[in-house]
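Hi,

Here is the structure I said I would pass on. Have a look at it first, then read my notes below with the model open beside you.

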Amino acid sequence: MRITDLLKSESILLGAQPADKNAAIRQLTDLMEKGGNLTDKEQYMKDVLAREASGTTGLGDGIATPHAKSAGVKAAGLSAMTVPAGMDFESMDGLPSRLFFQIAAPDSANDEHMAILSKLATMIMDADFKEALIAAKSKDEFLKLIDDKEDGKFVAAGAEPVATAPKADHIQVLAVTACPTGIAHTFMAAESLEQHAKKRGISIKVETNGSGGAKNVLTVEEIAAADAIIVAADKNVAMARFDGKPTIITKVADGINKADELLDKAMSGKAPVYHATGSDEAEGAADTAGESLGRQAYKHLMNGVSHMLPFVVGGGVLIALAFLFDAPEPAASFGSNTPFAKFFMSVGGAAFGFMLPVLAGFISMSIADRPGLAVGFVGGALAGTTGSGFLGALLAGFLGGWIVNLLKKAFANIPASLDGVKPVLLYPFFGILIMGFISMYIIAPPVSAINTWLTDTLANMDPSARILMGIVVAGMMAIDMGGPINKAAYVTGTGLLASGEYHVMAAVMAGGMVPPLAIALCTTFFKNRFTESEQKAGVVNYVMGMSFITEGAIPFAAGDPIRVIPSCVIGSAVAGALTMAFDCTLRAPHGGIFVVPTIGNPVMYLVAILIGAVVGCAVLSVLKKPLNK
């Protein structure tokens, strides 16, 4: 698809003078509507502003590309605007923006706006092309410039042939560009480095780590022959391959705005030599740069949790089914009284048994790469056998990573001929030995006591205190709907499952189901508070809520956080309090209404969720005023 297939003449405005950033986005949105791309302009505008709130699309060098995938869009399209005098768009380089392309893609689009954005990003990094667009006197001229650029026919006014430098016998500079979303900045940095290198006669190859994976991947031979490496990345990239090479590690924005400086440093022979840590795993160039210790710890924890959840959910649901099919026999152990129950209990128990080792192992691996996996895994397994449980596994995960990193330093000076022995013998032997001692004699005694106290306290807690616990954990589920606070409550609930405490998990799931259900009810019974597209999206939230997918509420929360989030928190807190008051229990850590038959006191559990959703809906209907028609 060509750019001009998506950009119509009526969606172009030359020589604009918007008052501020919001006014610029409003003008671009009006232009998009004139092109016939929108069904709900206000919804699309809201989605563009929500995207902008997550990070500026002022890409620097005078360019801005606001964009959104939205239910208010019926067909992918572009709008464009030039502001020759420049305006403050909160760009990454702090400079005024003069050339704007706004992108619209329907919700059903398969990342079409990503592909458009990437294509645009590489084109407008040509400074001569960008200036020609800004200086265009008519819409027809503007569109012809784009066509010529796509066809490779664009020639800057007054341009002279560039002298071709003698061809080197190798690629002089190699580069990797990457950003967390892998869209515009990745490709703009690549294009900027390539353009500046070409003008200076420097041979270069750039690997882009975009949303579709790594492209133009650097080969072992190219790396060995290169004079220097530039890594402009804001996320993890494979670094061990650059061991011993002069390597400049910087943020992706510098690849866009400081390409000449990076090339100067790369060609000066003064770039620092990169030394890998000895791990044969890929290392991150910018995974912790500039991050707080708290943020780093959260990333390590989430690595463990994300790998643990499939075992917890799969195993937990199977164990819950064993409970459903089991026959009540007081003298026999749970899950052994019928063939079905025994089968589900055996398989589910096996899966659930990996919960603590996987959690600890992947936390440790996040800290110390592959050598940390075995050490953390053993620490997690010992947490299960010694009774220190979930808390012990968390400690073991972090300690495992730190132990292995210390061992790497301790064995750094052994002969190079023994390097292959480190990951297969030295790290696992000494790491597991140290972890075993710490787990059994330092972690287990106090943490097991804490774990036992916590479980007993929850089991024997006064009803009013238990209700308070339900309010807290269920309310947390609705604060950031899938973010750190939500995850903290969910991890607490799943962790207590391993200790045999099932009330908290019931409150957690109820709290996670309420936000989308409350919004769905509000869009159904208070339609005048919502646009037509929001009403349609609200219907989907019935399914999302019943399936325990809290994230269904995120688009509404992003568009109107001051009203939506408090309403959802209140509704979730009510539901959590009621699940505790009704003595509801939950053995399966996921599933929504699909696991209700396995829940203790299932009818009242559904009542608690319904009341919470109605309360959230009522609060939202009061806070959210009717739209002006």
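Before we use it, some ground rules. This is a predicted model, so local features need pLDDT of at least 70 and side-chain atom pairs count only at pLDDT 80 or more, while totals for chains, interfaces and linings use all residues. Residues are numbered from 1 along each chain as its sequence is written, and side-chain values use heavy atoms, with hydrogens and water left out.

**Salt bridges**

How many salt bridges does the structure hold? There are 14. One of them joins the side chains of Glu90 and Lys21, at 3.2 Å from N to O. Glu90 sits in the loop between strand E5 (77-87) and strand E6 (97-106), and Lys21 is in helix H2 (residues 21-34), so this pair ties together parts that are 69 residues apart in sequence. (Helices, H or I with at least four residues, and strands, E with at least two, are DSSP runs numbered from the N terminus.) Lys21 is buried, with a relative accessible area of 11%. The cut-offs for that word: buried is under 20% relative accessible area, exposed is over 50%, and partly exposed is in between, using a 1.4 Å probe and protein chains only.

Next, find Arg241 and Glu207, whose closest N and O atoms are 3.0 Å apart in another salt bridge. Arg241 is in the loop between strand E10 (228-233) and strand E11 (247-250), whereas Glu207 belongs to strand E8 (residues 204-210), so the pair ties together parts 34 residues apart in sequence. Arg241 is partly exposed at 27% relative accessibility, but Glu207 is buried at 2%.

Lys258 and Asp254 also make a salt bridge, with 4.0 Å between the closest N and O atoms. Here Lys258 is partly exposed, at 37%, and Asp254 is buried, at 13%. Now go back to Lys21: salt bridges that share partners join Lys21, Glu52 and Glu90 into one network.

**Two helices side by side**

Helix H13 (residues 355-368) packs against helix H15 (residues 389-410) at an angle of about 30°, and their axes are 8 Å apart. That makes the two helices roughly parallel. Axes are lines fitted to C-alpha atoms, for helices over the stretch in contact, and angles run from 0 to 180 degrees between N-to-C directions. Angles under 35 degrees count as roughly parallel, over 145 as roughly antiparallel, 65 to 115 as roughly perpendicular, and the rest as oblique.

What sort of residues make the contact of H13 with H15? They divide into 14 nonpolar, 6 polar and 1 charged. (Ala, Val, Leu, Ile, Met, Phe, Trp, Tyr, Cys and Pro count as nonpolar, Asp, Glu, Lys and Arg as charged, and the others, Gly among them, as polar.)

Asp369 lies in the loop between H13 and helix H14 (371-386). Its phi is near 65°, a positive value in a residue other than glycine, and Asp369 is buried at 18% relative accessibility.

**Aromatic pairs**

Searching the whole structure turns up 11 aromatic pairs. Rings of Phe, Tyr and Trp (its six-membered ring) pair if their centres lie within 6.5 Å; planes under 30 degrees apart are stacked, over 60 edge-to-face, and the rest tilted. Phe101 and Phe142 form a tilted pair, 6.0 Å centre to centre with 40° between the planes. Phe101 is in strand E6 and Phe142 in helix H6 (residues 139-150), so the pair ties together parts 41 residues apart in sequence.

Tyr441 is exposed, at 58% relative accessibility. There is an aromatic cluster to find as well, formed by Phe411, Tyr427, Phe429 and Phe430.

**One last spot**

Look for Ser70 in strand E4 (residues 67-70). Ser70 is buried, with a relative accessible area of 1%. Ser70 and Pro106 are 36 residues apart in sequence and 5.3 Å apart in space, C-alpha to C-alpha.

Happy exploring!
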